[in-house]
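Subject: Structure handover

Hello,

Here is the structure I promised to pass on. Please open it before you read further, and keep it on screen as you go.

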Amino acid sequence: MNENLSLTLPFSDPVMIFALVMLIILLAPLIFNKLKIPGIVGLILSGTLVGPGVLGLLERDSTIELLGTVGLLYLMFMAGLSIDLNRFEKLRNRSIGFGTLSYVLPAAGAYFLGIYFLEYSVATSLLLGAIVGSHTLLAYPIVERLGITKNTAVTMSMGGTLVTDTLSLGILAIIAGTAGDAQGAGYWVTFATSVTVFVVAAVLILPRLGRWFFRNVKYHNNTDFVFMVAVLFTTAFLAELAGLASIIGAFLAGLLLNRLVPGSGTLMSRIQFVGNALFIPFFLISVGMLVDVAVLTSYDVWEKAIAFTLLVVIGKGLASLIIKYIFNYTMEEGFVIHGLTTPQSAATLAVTLLGYELGFFDQVAVNAVVILILFSCLIGPWLVEKYGRIVASQEENKPYSSADAPQRILVPLANPETSDALMDIAFMVRDQKSDQPIYPLTVARDGADVDGNVARSEKMLSHAVIHAASAEVPVSPVTRIDLNIAMGISRAVEEKRITNIVIGWNGEVSTRRKIFGSVLDQLLEEVDEMVMVCKIDKPVNTFQRLIVAVPPFASLEMGFPGTIRSLKLMAEQIGVEMIVVSTDERDPYVRKGIKKVKPDIDIEFSTINLWSDLPKWLDQNIEEDDLFTLVSAREGTISWRPGLDRLPRVISQRYPELSFITTYSSEVEEEADQGMGYNQNFDIIHQSRIQLNLKSKDIESALGEIVRGDKAFADISTERITRRLLENSSDYSPEVMPGVLFYESHTSKVDRQVLFIGTSKEGINVNHTANQAYIILVLLSPKDMKVQDHIRMLNRVTKLIRPNKDVESMKNATDPKEIISALMAR
């Protein structure tokens, strides 16, 4: 037995002290959660139990104080990182108004109580107001579990947290500045100057330093986490030099680096893991050790504790009630707001501890605040749990959108150097509420070295699994062996019922390739699901804007809402501004289609006169920190034009350093349409409306010849119909694939949808098309038919024709039945 080991109380052996604290960190939350008491309260009470006030196992010495201070700074840093700046900006005015009201009402009550009843000084009364005016989103995991984080009332409450914490810490900074001896005019000038210099320098330097670091320093052994911790404590120290409290510097560092740390990324997971598992529990235990149990028997402690609790409950309740009536929230939403803003924790503990160290609060006040934290942490979550369920049920009764369908994301991996970037993109487009895993996939090419290919694939998958685990994102790795890589991916899509595919592209081009390369081009032909082709050259967290280019009629594609949902999720979770570029004429339709899709985020819309002006717009507006996204289309869809296939190459060559994503919307029909196969209930195709070997040489005459071929239109003037068909395609090319034109319109001349088909062996030259037209399709819908039904039929018809093969057979058909057979063979 080690003779130097002493078991006298309090423990002095560092190993014993650390072992005891770690046991508390492990067991306290488990035990108190069983008792329906928040774990944070359990850690504070455990600190009281083992501290000098009860069992005396530990002494609040310099070591405990050091670890407690580290935990406090880390807590404030995490608070700054965790604030959703996008949500705050979305409801900026509401959040500022509510946050101010939620702070001022309790703080005013605290000031009145402190001056007239507790005989506190003005400074101490203001500091008491900073304690009860702030709040911590302790109940956020509850609203996240209930799926109501996007509710307007919840979003406003979360934005209000930034306001209350800033006001609370601002008051603390001013009061702490008055604690010194020199307080004349010269002192305040010096104080104001040093604070201004510190804040301006931090605002200018930290975001730029962070962005430079993530771009230029190669990741190795958690260097990104070490960088964040170094910035945290350096900023906290500089804040002290400027005359501010160190926790203000920590909070400011978190705010300024907020957009560089996506909530779904691996870095945020590491920061939260270290903080929640080690640093913050040390702080909470150290706070508990401040409690003097002997003082708890004092009537004065309970009097103050009850008074402080009433200040919080009544003040926050009045703020919630007022805001409920101003913005017409439901009663249940009002109680959820109240529950979210009642718990006291982070800023409360920070202000209390610093106020105690500066001599503003005595032991009685500290004990009263600990009891306040206990009461508020019980009341707030209970309100949110009870009334949040009702709000969640109200949300479920809202109309369902196909864009809200579950996501199943596949990430084919081939290059170890880009695998992390692709997984990060998948993390960002994945809805955090989803219970579906991400499917990283490797396809080993079958052949002589198949064993070596499988081994390399498994190594890459192992790295992807570790990367996902760091971000706390569930994964289900998939391996396939196939001679054809694209077919291997396609089979995995079918087997796993994938909805989104995130795949990489190196940006290299050659004349032999059609769009991206043989594998990607073949994959686009094989699958109908949404595909995101990514060329990512910078870390995902360094982007500042997401530029989305929407070509004409892309908003009419069936899968457009799903594409926009993924892009909105990515913008929200990276924390970037989203800018949508479309043509002047299509802009109203694009806005309408995008605004229907959740999540609701602020979007800036920009327009160009013609789609061909996009390169010019990019030259004038694209910036180094932008992530560009092109909403492209597969050949044969409504919005496809030959120029879209060339655009990825043009962008790659014109902007070699630009990170960009080319998205292809899903063509999978909605459930309501899946029962209608191409051979069932598809009587829109009829022999009488098929005209072979058109004699006309120009498109206007050809359209008239096609429509007049149907006896039902023999006595009807077709000039207006023909003119309308041409007008509808005047601003875009009607070419849906090489050799095939598609014209469409609504008309009062039909009472149900009809499809006309015309063929020409010699071909017809048409303006704004890249190829001669051999097949001409004309779809007429009743004038009163819904646009969505009209578009749905357009999609179904275009998918009947397979490029090249069907075009050739239809062009040379000698009987209308051959046309029908070619279409129905799909």
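Below is what turned up, from the whole chain down to single residues.

**The whole protein**

Keep in mind that this is a predicted model. The protein has 826 residues, and 56% of them count as buried. Its secondary structure comes to 31 helices and 15 strands. The C-alpha atoms fill a box of roughly 105 × 65 × 55 Å along the principal axes. The accessible surface is about 36,000 Å². Carbon and sulfur atoms account for 57% of that surface. Now look at contacts between residues at least 6 apart in sequence: 79% of them join residues at least 24 apart.

**A sheet of five strands**

Go to the open sheet of 5 strands. What is the order of its strands? Reading across, the order is S11-S14-S15-S13-S12, and the pairing is mixed. The edge strands are S11 (690-691) and S12 (735-737), each of which pairs on one side only. Helix H27 (residues 699-708) packs on this sheet. H27 touches S11, S13, S14 (754-764) and S15. The direction of H27 makes about 135° with that of S14.

Inside the sheet, follow S13 (residues 740-747) and S15 (residues 773-782). They pair in the parallel sense over 8 bridges.

**An enclosed strand**

Next, find strand S7 (residues 577-583). Is S7 enclosed or open? Of its 7 residues, 6 are buried, so S7 is largely enclosed by the rest of the structure. Strand S6 (residues 545-549) runs parallel to S7, and 5 bridges join the two. For a landmark, take alanine 549, whose bridge partner in S7 is valine 581.

One general point first. Most residues other than glycine have a negative phi, and most peptide bonds are trans.

- Glutamate 119 has a phi near 60°, a positive value. It sits in the loop between helix H5 (92-116) and helix H6 (122-133). Glutamate 119 is exposed, because its relative accessible area is 70%.
- Phenylalanine 553 has a phi near 75°, also a positive value. Its place is in the loop between S6 and helix H22 (560-574). Phenylalanine 553 is buried, because its relative accessible area is 9%.
- Lysine 598 and proline 599 are joined by a cis peptide bond, with omega about 0°. Proline 599 lies in the loop between helix H23 (587-595) and strand S8 (603-608).

**Salt bridges**

How many salt bridges are there? The count comes to 17.

Start with aspartate 587 and arginine 591. Their side chains meet at 2.7 Å, N to O. Both lie in helix H23, 4 residues apart, which is about one turn of the helix. Aspartate 587 counts as buried, at 9% relative accessibility. Arginine 591 counts as partly exposed, at 30%.

Then take arginine 215 and glutamate 624. Their closest N and O atoms are 3.2 Å apart. This pair links distant parts of the chain, 409 residues apart. Arginine 215 is in helix H9 (residues 185-216). Glutamate 624 is in the loop between helix H24 (614-621) and strand S9 (626-632). Arginine 215 is partly exposed at 23%, and glutamate 624 is exposed at 56%. Salt bridges that share partners join Arg215, Glu624 and Asp625 into one network.

Last, glutamate 65 forms a salt bridge with arginine 60, with the closest N and O atoms 3.7 Å apart. Glutamate 65 is partly exposed, at 38%. Arginine 60 has 18% relative accessibility; the cut-off for buried is under 20%, so arginine 60 counts as buried.

**A nonpolar patch**

Finish on the surface. Trp302, Ile306, Leu310, Ile314, Leu318, Leu321, Ile322, Tyr325 and Ile326 form a nonpolar patch there. Together they have about 870 Å² of accessible area. Tryptophan 302 lies in helix H14 (residues 299-326). Tryptophan 302 is partly exposed, with a relative accessible area of 36%.

Best wishes

Note on methods. Residues numbered from 1 in each chain as written. Predicted model: local features only at pLDDT ≥ 70, side-chain atom pairs only at ≥ 80, totals over all residues. Heavy atoms only, no water. Pairing = 2+ DSSP bridges. Contact = heavy atoms within 4.5 Å. Axes fitted to C-alpha atoms, helices over the stretch in contact; angles between N-to-C directions. Patch = residues over 30% accessible without salt bridge, like charges linked within 9 Å, V, L, I, M, F, W, Y side chains within 5 Å. Areas by Shrake-Rupley, 256 points an atom, 1.4 Å probe, with all protein chains shown as cover. Salt bridge = Lys/Arg side-chain N within 4 Å of Asp/Glu carboxyl O. Buried < 20%, exposed > 50% of the residue type's maximum accessible area, 1.4 Å probe, protein only.
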